[in-house]
Amino acid sequence: MSELAALKALSKAKESEEKRLQERRRNVLVLILRHLADHGYTDTYEKLCSESNLNLQKVDVADNIDLLRVLQEFEDSYELKFGKRPKVVRRLVEEVAAGGGGVRPRAVSATAGGSTGSPPAGGPLQRPIGSGGFEGPPVSGALAARQRREAGAALTAAAEVTRKGELLDRRQQALNSVKPPPEVGMQRIAGVAVDGRGAVLGAGAGGGAMSREEVAAAQLQGLHVAGQAAHLSASRPGGPGGAGGPGSDSDNDPDSFFERRVLKPLPPQLQGELRDLGNAITRDIFTDSPNVRWDDIAGLDQAKRLIKEAVVMPIKYPQLFTGLLAPWKGVLLYGPPGTGKTLLAKAVATECRTTFFNISASSIISKWRGDSEKLVRVLFELARYHAPSTVFLDEIDALMAARGGEGEHEASRRMKTELLIQMDGLARGNELVFVLAATNLPWELDMALMRRLEKRILVPLPNTPARRAMFATLLAGRCAVDVSMDMMADRTEGYSGSDVAVVAKEAAMRPLRRLMSRLELDGPVDPSQKVELGPITVDDARAALEVTKPSARLHEEKYRKFNDEYGQLA
Ligand SMILES: Nc1ncnc2c1ncn2[C@@H]1O[C@H](COP(=O)(O)OP(=O)(O)OP(=O)(O)O)[C@@H](O)[C@H]1O
């Protein structure tokens, strides 16, 4: 082949490569447009149409292709090639850009298949340098090469900016550690005080002496942590009570980011006031997992088993639960107050990663009185839309006491009817939407509702081993060696789980009270003196048991009778 012919062939090959690249860029945009349209991101769709000069009236994806499938195939082929799933998305943390005061995302972990560097300044939303966009004439080979060079230079500059930013960040951190701003002061104290399970409180982390108020505040902070152990796993990082809050441990765990649920935008059929209601309900949806594990709930083995069978398994293995074995759509959890009904519902949502709608009857009644019928409709619409979902209706008795009673408000009657209609809809449909209703007064429920809550599960008072387990967890590391968990468990027959938590808190308060009164009497705190929060003694434990009475013994006989008549016995 002559030199000229070789050059011509080369240039032709380049041209067709350019063409393919252009086509690929356009295809990506069309795939994104289709994805946005299918998933209801209408505003973004419109915007992208006008920016890219494309729309789905002009072009559309070919049959059997969509973005999710493309991604899935990429993941499969990557796994085949490298023996592991690719990490497609990496977590970014937002931080104040050094110097500029703006917010820019910064990568904290690398993608499995990607680079470890930070993205260019400006963040991932910035149009990639050299992309050329779909609009405009095709990019020539020379131009593309120049763009690649420019892109390389821009990346280097961006990396430089990031490095400088990090240096500034580090300097800022150093400054902060010397002179904390007022709101950080409490965290500094808490850092010392949280260790307060029999811990030693000394000088603050900043090196300065702590004032008496600071020590007291720190103590209270420590107590607050104990108070959150209103729940067994409060001491677990990211556990309930602190789950998902800003700065919580789960925030620092890269994997918890991937557990966070991405909510779709509201369905387009919700318009006007229904849309407002939809927005209000969406705000109450847990996007973070409620973070309650089965093991966090002491005892209740039978209730756990029945709930797993009724709700968890059908979500995990839907193919086994069809026809006659179609899952129950309504489950009633009933029993004395404070026995773990809410915890059980949260555990279902955590274990199954369902969208969790937590609606208490009192909020429907107080917040939505006039609109409660519409609210119920929108709630179920959203639950279906975000399926698999669990709708937890707490205090259902307040909502669904027998209908038709004297003085029953018309709006309330309509709301109840709507709830029944919606539950019938669930029973007929195939969506994985479960209603978990909870009540302390099951005998007051409307019979029509009872019929729809097909599975009824008693959540009883905790037995002795369960109470023992609760005390052991709640008081871990706080007691003197001779405080016996068995004694505490034996002396709390008839107490509910939340009563047990109150006893534990009351016992933990006693050493704190002693410390507080010493602080009050002794005058200014000498920074070199160690201030000790002593352990809970046997006397403390006994006194706590003495002053805390069981709150849930009432109606014992009624629960038994109701369970015999309507409950699930095995
Ligand atoms: N089985 C249990 N294991 C661990 N903690 C429990 C248990 N039961 C109750 N608790 C404690 O009691 C608190 C209240 O529990 P929960 O809200 O689940 O009770 P509930 O049955 O829903 O109460 P109510 O009927 O009053 O709404 C929990 O936060 C937890 O601290």
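The cut-offs here, with C-beta atoms placed from the backbone: 20 or more other C-beta atoms within 10 Å of a residue's own make it buried, 12 or fewer make it exposed, and anything in between is partly exposed.

Before moving on, note that this is a predicted model, where local features need pLDDT of at least 70, side-chain atom pairs count only at pLDDT 80 or more, and totals for chains, interfaces and linings use all residues. Residue numbers run from 1 along each chain as its sequence is written.

Now look at the backbone of Asn53: its phi is near 60 degrees, positive in a residue other than glycine. You'll find Asn53 in the loop between helix 2 (42-52) and helix 3 (67-82). Helices (H or I, at least four residues) and strands (E, at least two) are DSSP runs, numbered from the N terminus.

Next, select 372-385. That's helix 13, with 14 residues and 20 Å from first C-alpha to last, close to the 20 Å expected at 1.5 Å a residue; the expected span is 1.5 Å times one less than the number of residues. Helix 13 is mostly covered, with 11 of its 14 residues buried. Among them are Leu375, Leu379, Phe380 and Tyr385.

Carry on to Pro388, in the loop between helix 13 and strand 6 (389-394). The peptide bond leading from Ala387 into Pro388 is cis, with omega near 0 degrees.

Last stop: Glu395, in the loop between strand 6 and helix 14 (396-400). Its phi is near 50 degrees, again positive in a residue other than glycine. Is Glu395 buried or exposed? Buried, because Glu395 has 21 C-beta neighbours inside 10 Å.
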